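Please look over the sequence and the structure shown here before reading on.

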Amino acid sequence: MHANLSLQQSPPFSVPARFFISAPLFGLAAALVMLWYGPEIFTNRWTPELLAVTHFLTLGFLAMSMCGAMMQLMPVLMGIMIPRPIFFSSIIHASLFLGSASLGIAWLLHINTLFIIAMASLAFSFSVFILMATERLLRSKNQHATRGMMLLALLALFITAIFGLYLAMGYANQTWPLSRHLTDLHLSWGLLGWVALLIMAVAYQVIPMFQITDEYPVLHQRWIGWIVFVTLLTLSLTYFWPLTILNTITSALLATCLLTFAVTTLWVLQTRRRQLADLTMNFWQLAMISLIFLALTWLIPTLIQANTPIFLLGVLMIFGFAMSTVNGMMYKIFPFLIWLHLSTHNKNLRDQGKRESQVKVPHMRKIIPETAGLWQFRFHLASLILLALATNWPQWFYYPAALLFIISQLTLIFNLSNAVRFYNLKIIELELNIHPH
């Protein structure tokens, strides 16, 4: 069954908007760092510049967007009331913004104090968010698979944050051991646990709902999240109890789960009954194709005991899969929220007998014009392809990739800012209609 939307539970527009508007600022920051420091970033995975870019994207772009999306989707999809949403969103957003910015700048400028500020800010932000979201989900009577997957994703975020804080201590304090062997574990829990599980959880409801498709298979919804989570736990054991065969099996199983999700999602999208071209669907398809390439690029070397191309895996996972998905969801959620809140204002006026004070609310596809979003999709696609090629041939493809990445993020900022401006103008128009003097 498709989920029933609890539109009356939707938080104020400013709650998710602050997160969505901030996310591409960090995407732009990452792109500018890439352009400034050049292809030498790809010479070593431990370069401070690459660590800064990675965390601008994973914390600043992805975590920022996903926290904002959860604060919007939990009330609407799950019927969960978030207490004092403006207060909680403000403190979570401010501390996440400060922590993400501080961490990236700390690596670029080698300022130890900024590591301390980043650790404190991020620990506070994630603690408040995880506790608030977990408590709300546990109290919810909604039994959809999305609820369980969101809880697993939050637990994965908690584990990711613990490893991240431990690793950051190695940079902030010279006497603390820098345990780089835990970096892959930190990345695995962050990208395969928190990011992938949350995207799966959201996909189970928003794809059938917004794309008018068949449901995901019941077995897929019920088991794949648990398989990923338990496999990540098993993979974690191999870092403390080295066993090559176990590492190979768990890595292959995780790659197979990603491949299964990607292929299933593409199949579900093929069942859509809405035949209009859809920008969000383009981003979902790009994300799933990237995930297929990622799974195969990881699975094949794992099975034949060859070296995995680390930089390419990072590009496909962060830029190709995660950012494409989030990008596409922004073009669906943002116009929907603006349409919803303006329509609610109009309904309230009708109920009060003030029909003449209503404002005209355009179709969602007009709030962010399809053409504007399509251009950003093209820039994003081109930069993804060039960046993937740059992991092997940086001398040819790196700078064009960075430039297109900058243009893509600037276009996203422009599109979202225009939507916010449109909303604010409509709110002013409503106020003038109600109080003409």
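## A buried glycine

G193 has a relative accessible area of 0% and is therefore buried, the cut-off being under 20%. The model in which this residue is described is a predicted one. G193 is part of helix 6.

Leaving out residues up to four places away in sequence, the residues that G193 touches are A153, A156, S188, L198 and L232.

## Helix 5 against helix 6

How do helix 5 and helix 6 run, roughly parallel or roughly antiparallel to each other? Helix 5 covers residues 145-172 and helix 6 covers residues 183-211; their axes come within 8 Å and cross at roughly 160°. Angles over 145 degrees count as roughly antiparallel, and helix 5 and helix 6 are therefore roughly antiparallel to each other.

The crossing of these two helices is left-handed. Sorted by class, the residues in the contact of helix 5 with helix 6 comprise 20 nonpolar and eight polar ones, with no charged residues.

## The largest nonpolar core

The largest nonpolar core of the model contains 159 residues. Within this core, the residues with the most contacts are M70, F129, W194, F261 and F321. Helix 2, spanning residues 48-78, gives the most to the core, contributing 20 residues.

When its neighbours within four places in sequence are set aside, M70 is in contact with P75, F129, A133, L137, M150, L154, W194 and L198. Two of these partners, F129 and W194, are also listed among the core residues with the most contacts.

Most residues other than glycine have a negative phi. Which value does the phi of H110 take? The angle is near 55°, a positive value in a residue that is not glycine. H110 is located in the loop between helix 3 (85-109) and helix 4 (112-139). With a relative accessible area of 55%, H110 is exposed, because the cut-off for that class is over 50%.

I212 also is not a glycine and has a positive phi, of about 55°. This residue, I212, sits in the loop between helix 6 and helix 7 (218-240). The relative accessibility of I212 is 28%, so I212 counts as partly exposed.

How values were computed
Residues are numbered from 1 along each chain as its sequence is written. This is a predicted model: local features need pLDDT of at least 70, side-chain atom pairs count only at pLDDT 80 or more; totals for chains, interfaces and linings use all residues. Side-chain values use heavy atoms; hydrogens and water are left out. A nonpolar core is a set of buried Ala, Val, Leu, Ile, Met, Phe, Trp, Tyr and Cys residues joined through side-chain atoms within 4.5 Å. Buried means under 20% relative accessible area, exposed over 50%, partly exposed in between (1.4 Å probe, protein chains only). Helices (H or I, at least four residues) and strands (E, at least two) are DSSP runs, numbered from the N terminus. Contact means heavy atoms within 4.5 Å. Axes are lines fitted to C-alpha atoms, for helices over the stretch in contact, and angles run from 0 to 180 degrees between N-to-C directions. Angles under 35 degrees count as roughly parallel, over 145 as roughly antiparallel, 65 to 115 as roughly perpendicular and the rest as oblique. A crossing is left-handed if the near helix is turned anticlockwise from the far one by less than a right angle, and right-handed if clockwise. Ala, Val, Leu, Ile, Met, Phe, Trp, Tyr, Cys and Pro count as nonpolar, Asp, Glu, Lys and Arg as charged, and the others, Gly among them, as polar.
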